[in-house]
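I set out to look up the voids, the packing and the chain end of this structure. My entries follow in the order in which I made them.

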Amino acid sequence: MLKLTAKALVCAMSLSFAGLSQAEEPISIKFAHVVAEHTPKGQGALLFKKLAEERLPGRVKVEVYPNSSLFGDGKEMEALLLGDVQLLAPSLAKFEHYAKQIQIFDLPFIFDDIHAVDRFQQSPQGKALLTSMEGKGITGLAYWHNGMKQLSSNKALHEPKDARGLKFRVQASAVLDEQFKALRAAPRKMSFAEVYQGLQTGVVNGTENTWSNYESQKVHEVQKFFTESDHGAIDYMVITNTKFWNGLPEDVRTELDKVMAEVTVEVNKQADDLNRASRQKIIDAGTSEIVTLTPEQREEWRKAMQPVWKKFEKDIGADLIEAAQAANTP
Ligand code: LMR
């Protein structure tokens, strides 16, 4: 009897130690992305790690994988759904297989500037897109800015006809594919990690991206011209696996939601400065020329690209297109 009680006691003690060590094991959160660390997204991921680990000491461990070092374009969404990574922040151009409506962000010239993009993201319609993929197991936690896109090429692009016949790298987006076809150029879908080499070897002659992505990938080493077109935006949706996020202990989830909100404010405050600094670095490198468009020339680019909207109106929804345009008025 006494023997049995002692055995039961040992059993109970080892169980409670097991419970303790289980409770002590921090929750592992892998955050993978494709860009360099000194970019808006790169900085945001690092700040998220810092604040999450400070506020939840011993409860979470955040590992950040920049530069496609864990998963690159193409594989990352699958990895998120399989639970191999817990946080991603793909550009809004990379969601077409999950929610067609998110293609709204790729429509050329739909937003006048990054402030309009921001207003739309904060509108009820913009916020609804964050939860639009939950049926597929993906939850959007926040929108992060990068900035407005500029064109790059090994030839000076002043007017739409200058792009004719050139090969442009595009993100995996049907809208962006059509955007370059509208210029009678040849789009090539390519992952971000392949951009530098694609330009260097002449597989493509040009591309579109933000100043911070150009500078951090050293695109100015392999492109002679940048046209300041501001014809679209590259922004991000920070996403997680719905089941993973909902399965977190409530206090952890609440704190991580707070951290994400704080980081979002910071990223969105600093994105513009980071892009300006990158633009200046490209100028200082002296390798390329920046083409400034006159208002008339920019209008020509708009006219050439805007017919793309009609092609995607059915997928995106006329109402959503209207809501996005309304965001141009503060
Ligand atoms: C690109 O592929 O050009 C961008 O989506 C990269 C990024 O994440 O900013």
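How many nonpolar, polar and charged residues does the lining of the second largest cavity have, by class? I found four nonpolar, four polar and no charged residues there. For the classes, I counted Ala, Val, Leu, Ile, Met, Phe, Trp, Tyr, Cys and Pro as nonpolar, Asp, Glu, Lys and Arg as charged, and the others, Gly among them, as polar.

**Basis of the entries.** I worked on a predicted model, in which local features need pLDDT of at least 70 and side-chain atom pairs count only at pLDDT 80 or more, while totals for chains, interfaces and linings use all residues. Residues are numbered from 1 along each chain as its sequence is written, and side-chain values use heavy atoms, with hydrogens and water left out.

**Cavities.** I searched a 1 Å grid over the protein atoms alone, where a cavity is a set of points that a 1.4 Å probe fits but cannot leave, and a pocket is an open set with protein on both sides within 12 Å along at least five of seven lines; lining residues have an atom within 4 Å of a point. Grid points are joined across faces, edges and corners, and a volume is the space filled by probe spheres set on the points.

I noted two cavities of 30 Å³ or more. The second largest cavity holds about 30 Å³ of space, and its lining consists of F192, V195, T207, N209, N213, Y214, Q217 and V219. Both β8 (206-209) and α8 (211-216) supply at least two residues each to that lining; here helices (H or I, at least four residues) and strands (E, at least two) are DSSP runs numbered from the N terminus.

For the largest cavity I recorded a volume of about 70 Å³. Its lining is made up of V34, V35, K41, S91, K94, R169, Q171, F192, N209, N213, I234 and Y236. By class, I sorted these into five nonpolar, four polar and three charged residues.

I then turned to the open voids. The largest pocket has a volume of about 470 Å³. Its lining comprises 20 residues, and I114, M148, D272, N275 and R276 lie nearest the centre. Two or more lining residues come from each of α4 (114-122), β4 (138-148) and α10 (250-285). The largest share, seven residues, is that of α10. I counted four nonpolar, seven polar and nine charged residues in this lining.

The second largest pocket contains about 310 Å³ of space. I listed 18 lining residues, with D73, G74, K94, H97 and A172 closest to the centre. Helix α3 (residues 76-82) gives the largest share of the lining, three residues. By class, this lining has seven nonpolar, four polar and seven charged residues.

**Nonpolar cores.** I took a nonpolar core as a set of buried Ala, Val, Leu, Ile, Met, Phe, Trp, Tyr and Cys residues joined through side-chain atoms within 4.5 Å. Buried means under 20% relative accessible area, exposed over 50%, and partly exposed in between (1.4 Å probe, protein chains only). The largest core has 40 residues, and I104, F105 and F120 have the most contacts inside it. Among the elements that give it two or more residues are α4, α5 (124-130), α12 (308-316) and α13 (318-326). Another core, of 39 residues, lies apart from it and includes F48, M190, V238 and L248.

Which residues does F120 contact, leaving aside its neighbours within four places in sequence? With contact meaning heavy atoms within 4.5 Å, I found I104, F105, F111, Q125, G126, L129, L320, A323, A324 and A327.

In α13 I found L320, I321, A323 and A324 buried. Seen down the helix axis, the buried residues of α13 fall within an arc of 160°, so they line one face; the arc is that of the directions from the axis to the C-beta atoms. These buried residues pack against α4, α5 and α12. The face of α13 turned away from the buried side carries the exposed residues D319 and E322.

T329 lies in the segment after α13. I noted T329 as exposed, with a relative accessible area of 58%. From C-alpha to C-alpha, T329 and H115 are 9.9 Å apart in space, although 214 residues separate them in sequence.

**Whole chain.** I recorded 13 helices and 11 strands. Of the 330 residues, 51% count as buried.
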